[in-house]
Amino acid sequence: MTRVAVLKGGRSLERQVSLKSGARVQDALHRLGHKIVAIDVGHDLVQRLREAAPEVAFVALHGRDGEDGTVQEMLEALAIPYTGSGVSACIRCADKVIAKHHMLDAGIPTPDFFAFNETAFKELGAADALPAIEQRLGFPLVVKPAGQGSALGIKFASAERDVPGALVAAFSYGDKVLLERHVRGRDLAVSVLDGDALPVVEAVPTEEAFYDFEARYEIGRTQFVCPAELPDEVTARAQELALQVWDVLGCRGFARVDLMLCHETGELTVLEANAIPGMTETSLLPQAADATGIGFDELIDRILRLARL
Ligand SMILES: Nc1ncnc2c1ncn2[C@@H]1O[C@H](COP(=O)(O)OP(=O)(O)O)[C@@H](O)[C@H]1O
Ligand SMILES: [Mg+2]
């Protein structure tokens with residue numbers, strides 16, 4: 001029996017997902033016979049951790065603060081071992097621009113992109129560079145905030161006139177935004193558990209009549225297939241890329257890497273890595289683990305055993 005603090009909720013835009021992940025993690029820890037202290041992460045986090053004096057913290061947070069190294073830094077300061085990646089890997093994963101630069105440096109394919117902070121637009125006239133960027137990336141192009149998850153703030157711009165609005169929307173989520181080449185293809189995810197790639201999951205939109213991005217993320221309009229129906233060599237390549245990303249970003253415990261399989265070229269490219277992927281009923285990592293015979297309780301048990309300072 002271990003005394004485990006489950007950190008969930010928090011102030012990020014993914015609070016609701018985290019509450020679901022946290023509740024499910026708690027149930028599993030309970031079944032595994034551990035003593036649990038649930039903490040909804042807020043201003044009294046340090047005080048509550050001191051009171052609880054856990055042997056391990058299970059970080060079931062997503063998005064800002066919980067997944068970007070902030071809470072991990074506090075756990076380091078308090079010398080409490082915690083699940084998942086350490087501070088530096090969290091920082092690298094949470095910022096898509098930083099992650100993509102690491103991938104490029106390592107020769108891992110990721111869609112072509114340009115990234116700017118708001119100062120570049122406000123003080124350096126970056127808007128004047130938009131025509132050149134649009135020419136390089138072509139249309140449609142994807143505009144996304146560097147630091148969000150769950151598809152928040154992501155817009156597809158199908159023509160020049162859509163770009164300014166998409167940028168404003170993305171900047172409402174954070175200070176750094178990227179414009180990225182659009183990849184027409186299949187949406188894949190490879191979860192990694194302790195350095196082993198799990199089966200590939202494909203997200204398939206159930207209505208493909210017209211290409212409406214938001215619709216793809218409405219409940220029930222995306223279906224998940226695991227293992228994804230792919231030629232063996234594509235599966236192997238997706239898993240190989242996910243493990244390279246895991247290594248390059250320095251992940252630990254578990255993570256999920258999101259990729260696209262391009263219809264035209266058949267090439268795989270990596271969009272991003274998630275340091276703390278969802279743990280809800282419909283989340284991809286638990287599904288992938290299940291497909292390889294690792295049930296949810298065993299998954300949580302293994303993640304807990306991998307906890308470190
Ligand atoms: N460059 C791109 N080309 C095509 N689709 C994209 C591209 N970038 C993102 N998407 C779509 O948006 C989804 C979310 O993008 P992602 O970069 O994984 O951010 P997050 O999951 O953090 O919101 C992807 O799974 C994919 O469906
Ligand atoms: Mg993603």
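Reader: Which residues coordinate the magnesium ion?

Author: In this predicted model, the magnesium ion, ligand 2, is coordinated by an OD atom of Asp258 and an OE atom of Glu272, at 2.0 Å. The pair links distant parts of the chain, with Asp258 in strand E12 (residues 254-262) and Glu272 in strand E13, 14 residues apart.

Reader: Are Asp258 and Glu272 buried or exposed?

Author: Both Asp258 and Glu272 are buried, a term that stands for a relative accessible area under 20%.

Reader: Turning to the other ligand, how many residues surround ligand 1, and which are the closest?

Author: The shell around ligand 1 holds 20 residues, of which the closest are Lys96, Lys144, Ala151, Arg181 and Asp187. By class, that shell is made up of eight nonpolar, four polar and eight charged residues.

Reader: Which side chain has an N or O atom 2.9 Å from a nitrogen atom of ligand 1?

Author: That side chain belongs to Glu180.

Reader: Which elements give two or more residues to the shell around ligand 1?

Author: These elements are strand E5 (141-145), strand E7 (176-181), helix H9 (213-216) and strand E13 (268-274).

Reader: Now for the cysteines: how many disulfides does the count give?

Author: A disulfide is a covalent bond between the sulfur atoms of two cysteines. The cut-off is a sulfur pair within 2.5 Å, and by this rule the count comes to zero. Cys90 is in no disulfide, and the nearest cysteine sulfur, that of Cys93, is 6.8 Å away. For Cys93, likewise in no disulfide, the nearest cysteine sulfur is that of Cys251, 3.9 Å away.

Reader: Why does Cys90 count as buried?

Author: Cys90 counts as buried because its relative accessibility is 0%. Cys93 is also buried, with a relative accessible area of 4%.

Reader: Where is Gly69 placed?

Author: Gly69 is in the loop between strand E3 (56-59) and helix H3 (70-77), and at 5% relative accessibility Gly69 counts as buried.

Technical notes. Residues numbered from 1 in each chain as written. Chains lettered and ligands numbered in written order. Predicted model: local features only at pLDDT ≥ 70, side-chain atom pairs only at ≥ 80, totals over all residues. Heavy atoms only, no water. Near = heavy atom within 4 Å. Polar contact = N/O pair within 3.5 Å; in protein donor to acceptor, adjacent residues only side chain to side chain. Helix = DSSP H or I, 4+ residues; strand = E, 2+ residues; numbered from the N terminus. Nonpolar A, V, L, I, M, F, W, Y, C, P; charged D, E, K, R; others polar. Donors = N, O, S within 2.8 Å, 3.2 Å for Na, K, Ca; no water. Buried < 20%, exposed > 50% of the residue type's maximum accessible area, 1.4 Å probe, protein only.
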